[in-house]
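This report covers the strand pairing and the aromatic contacts of one protein model. Please keep the sequence and the structure open while reading.

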Amino acid sequence: QVQFVESGGGLVQPGGSLTLSCAVSSNFFEGSIMGWYRQAPGKQRESVATIRSGGSSQVTNSVKGRFTISRDNAKRTLYLQMNSLVPEDTAVYYCNAIPPLEWGQGTQVTVSS
């Protein structure tokens, strides 16, 4: 059973930055397409960014130029660097494979002054 453990969330002011990390328990990580998702209150979970095993990545339009996804295959860890945060980025952030497996607990990101 694969486990995803997200960390790095918190409360940040608009314009601030956070870096999220996700530790993955299985060897499947190295060859898998991975992604960050988020779910805001009252909204459906959405994909934010994806990255292939070789490092090519893409992000959704609403975070383009502000968020960067990266991965360390040796550490089985996925990252999401988030800059220029806005209140609309407030959500619980999850990492998972593409397509997703069982969900972890996520990490809360709150952008507020």
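How many bridges join strand β3 to strand β8, and in which direction do the two strands run? In this predicted model, strand β3 (residues 18-24) is joined to strand β8 (residues 77-82) by six bridges, and the two run antiparallel. Within this pairing, Leu 20 has Leu 80 of β8 as its bridge partner.

**The sheet**

Strands β3 and β8 belong to an open sheet of four strands, ordered β1-β3-β8-β7 and paired antiparallel. The edges are taken by β1 (4-7) and β7 (67-72); each has a single partner strand, so one side of each is left without a neighbour in the sheet. On average, neighbouring strands of this sheet are turned by 15° against each other, direction ignored.

**The aromatic pairs**

A pair of aromatic rings is described by the distance of the centres and the angle of the planes. The count of aromatic pairs comes to three, with ring centres within 6.5 Å as the cut-off. Two of these pairs are given in the table, and the plane angle is over 60 degrees for edge-to-face.

| Ring pair | Distance of centres | Angle of planes | Class |
|---|---|---|---|
| Tyr 37 and Trp 103 | 4.9 Å | 85° | edge-to-face |
| Tyr 94 and Trp 103 | 5.7 Å | 75° | edge-to-face |

Tyr 37 lies in strand β4 (residues 34-39), whereas Trp 103 lies in the loop between β9 (91-97) and β10 (107-111), so their pair ties together parts that are 66 residues apart in sequence. Through ring pairs, Tyr 37, Tyr 94 and Trp 103 are linked into a cluster.

**Exposure of the cluster**

**The charge over the rings**

Which residue places its charged end over the ring of Trp 103? The charged end of Arg 45 sits there, 3.8 Å from the ring centre of Trp 103. Arg 45 also lies over the face of Tyr 94, where the distance from the ring centre is 4.4 Å.

How values were computed. Residues numbered from 1 in each chain as written. Predicted model: local features only at pLDDT ≥ 70, side-chain atom pairs only at ≥ 80, totals over all residues. Heavy atoms only, no water. Phe/Tyr/Trp six-rings, centres within 6.5 Å; stacked < 30°, edge-to-face > 60°. Lys NZ or Arg CZ within 6 Å of the ring centre and 35° of its normal. Pairing = 2+ DSSP bridges. Axes fitted to C-alpha atoms, helices over the stretch in contact; angles between N-to-C directions.
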